[in-house]
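Okay, everyone, thanks for coming.

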Amino acid sequence: MGRSVDLDDPFIAVLAPPPDETPVEKAAREKREAEARRVSDEIDEMLRQERAGMKKKRPVRVLLLGQSESGKSTTLKNFQLTYARKAWAEERSSWKAVVQLNLVRNVNTILDLLSREMGPLSPRSRSQSPDGDLGGDSVEAAFTEQHHLLKLRLGPLRRIQYDLEVRLGSGATEAVASSAPAAPFDDDAVPRQQEFYVRSSNGWKTALDKFRFLGRRDERGGKDYDCSGEVAEVLAGCREDVKALWGDAVVRDVLRRHKIRLEEASGFFLDDVDRIATREYEPSDDDVIRARLRTLGVQEYRFVFEIGRTAGHEWRMYDVGGARHCRAAWLPYFDDVDAVIFLAPVSAFDEKLAEDPRVNRLEDSYLLWKSVCRSKLLAKTQIILFLNKIDLLQKKLDSGVQVKDSVPSFGDRSNDTATVTKYFQQHFREIAKQNSPEPRPFFVHLTSVIDTKSTATTLSVVEEGILRDHLRRADLL
Ligand SMILES: Nc1nc2c(ncn2[C@@H]2O[C@H](COP(=O)(O)OP(=O)(O)OP(=O)(O)O)[C@@H](O)[C@H]2O)c(=O)[nH]1
Ligand SMILES: [Mg+2]
């Protein structure tokens, strides 16, 4: 992953020299490399001038766009993990509550399903009719006393979910259906909406700080109720039951019949119960990357990069809520950024939007992409497309899901990851070409942003490209 496929970009050509090039191709490549070196030297010189205080230092501004659950916040976390490790390390432990909530929610999803399937009666009374015949369908009959006991013993996790959700705030719950339009930020059609100009300068810290400072006295001398010890205690007590539930063949069968693929959903931690459901649990880097906390409104993050060419330089990243009702808030940020990173989760080609179950998620991404490309405010802004969740796409295709069943225009092409991503990519490229007010290069990366190693490679290419544009802009100001 993390592969760029735009060979027009000199930096990418440098990274991936063709293996069997002809003399003409070699000459062309060397020319491109020389150009890349020239640009690179130019950047160094500009940075040197900036450092020498000859130019006013502007922060680099990046806007992350895309539908809900496309991976925007996860990409932002990767930037932080790679370039601002100190801030990352300071924050890591406060993600604990989010990971715990994600895990507890997984368990409660299963328990809700079991409640519906098992009904209120005891297995014995339900599975045997008065004349001695087995009643209900085969799955009902398959439930045992053990399932009822598990349901009973895991009951306290409902209150734990409630406590954590209350504590973390509205970002902790997922989107619900609404009738908001797909992209209400058309430059021409919609006036700017003042009420959406909320700039939070501390982003997810608002939610996480509630856990960081628990137990300390507030300014009025009162103390916040600290539920973190109790959460860890209850989870540790439920560990074996959670494992038994998730490992149970009947439970897996019920999930399969309802087409619920928890392992592909946001914030999946059921395979890590042994590690997480303990009193001493501390999140790892990977846990933080995979933890799901929904973004609301627009959140601003300020990082001073510690490494890379921009070490010491401030980057401001704007992470937006991707659900339809959040999109009106995006527009004010369009005229203020050096680059946009647009995320499209291509694994979602057969899924529907949580906020509007009539809309296919890939269609929604195409629509959003079109609106972003045609925005006049962004006409001169670099837009980088991440075709994200390639790992999930691969898994889905391997399990036999046919793209043509959800995307009829895909036709009888081969149903493999390379063909499918190439097809989607061409569609995005065509939309950009048809709708951009001025011609613009098409930068695209195939990503799985939960894979921090490959994402770091992608980000280094992205960083260089953004920086180059940023410095050119600064020169023009
Ligand atoms: N398997 C896999 N999971 C991913 C990938 N990218 C993101 N995720 C997961 O998908 C979930 C949603 O990602 P987020 O980064 O929160 O999505 P978002 O775009 O910020 O969503 P909103 O805040 O609702 O707009 C998280 O649990 C991530 O861990 C990916 O490439 N592969
Ligand atoms: Mg987000």
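Let's start at Thr-278, which sits in the loop between helix H13 (273–276) and H14. Bear in mind as we go that this is a predicted model. So, is Thr-278 buried or exposed? Its relative accessibility is 14%, and buried means under 20%, so Thr-278 counts as buried.

What does its side chain do there? A polar atom of the Thr-278 side chain lies 3.4 Å from the backbone oxygen of Arg-275. The Thr-278 side chain also reaches the backbone nitrogen of Tyr-281, at 3.1 Å. And if you skip residues up to four places away in sequence, Thr-278 touches Ala-232, Ala-236 and Arg-239.

Okay, zooming out for a second. The protein has 19 helices and eight strands. There are 477 residues, and buried ones make up 52% of them. The accessible surface comes to about 22,400 Å², with 52% of that belonging to carbon and sulfur atoms. Now take the contacts with a separation of 6 or more: 78% of them are between residues 24 or more positions apart.

Which residues are the protein donors of the magnesium ion, ligand 2? They are Ser-73, through OG, and Thr-295, through OG1, lying 2.1 Å from the ion.

How many residues surround ligand 1? There are 25, and the closest are Ser-68, Lys-72, Thr-74, Arg-292 and Gly-322. By class, that shell has 13 polar, seven charged and five nonpolar residues.

A backbone N or O atom of Gly-71 lies 3.0 Å from an oxygen atom of ligand 1. Gly-267 has a polar backbone atom 3.1 Å from a ligand 1 oxygen. With Asn-388 we switch to the side chain: one of its polar atoms lies 3.1 Å from an oxygen atom of ligand 1. How much of ligand 1 does the protein bury? Taken alone, ligand 1 exposes 660 Å², and the protein buries 95% of that. The elements giving two or more residues to the shell are H3, H14 and helix H16 (390–398). H3 gives the most, with three residues.

Ser-347 itself is in the loop between strand E6 (339–345) and helix H15 (361–374). At 4% relative accessibility, Ser-347 counts as buried.

Next stop, Gln-402. You'll find Gln-402 in the loop between H16 and helix H17 (403–406). Gln-402 is partly exposed, with a relative accessible area of 32%. Beyond four places in sequence, its contacts are Phe-349 and Asn-415. If you draw a line from the C-alpha of Gln-402 to the C-alpha of Asp-350, you get 9.0 Å, for two residues 52 apart along the chain.

What is phi of Glu-69? Phi there is near 65°, a positive value in a residue other than glycine. Glu-69 is in the loop between strand E2 (60–66) and H3, and at 25% relative accessibility it counts as partly exposed. Lys-259 is another residue of this kind, with phi near 55°, again positive in a residue other than glycine. Lys-259 lies in the loop between helix H12 (249–257) and H13. Lys-259 is exposed, at 72% relative accessibility.

That's my tour, so over to you for questions.

Notes
Residues numbered from 1 in each chain as written. Chains lettered and ligands numbered in written order. Predicted model: local features only at pLDDT ≥ 70, side-chain atom pairs only at ≥ 80, totals over all residues. Heavy atoms only, no water. Donors = N, O, S within 2.8 Å, 3.2 Å for Na, K, Ca; no water. Helix = DSSP H or I, 4+ residues; strand = E, 2+ residues; numbered from the N terminus. Buried < 20%, exposed > 50% of the residue type's maximum accessible area, 1.4 Å probe, protein only. Contact = heavy atoms within 4.5 Å. Areas by Shrake-Rupley, 256 points an atom, 1.4 Å probe, with all protein chains shown as cover. Polar contact = N/O pair within 3.5 Å; in protein donor to acceptor, adjacent residues only side chain to side chain. Near = heavy atom within 4 Å. Nonpolar A, V, L, I, M, F, W, Y, C, P; charged D, E, K, R; others polar.
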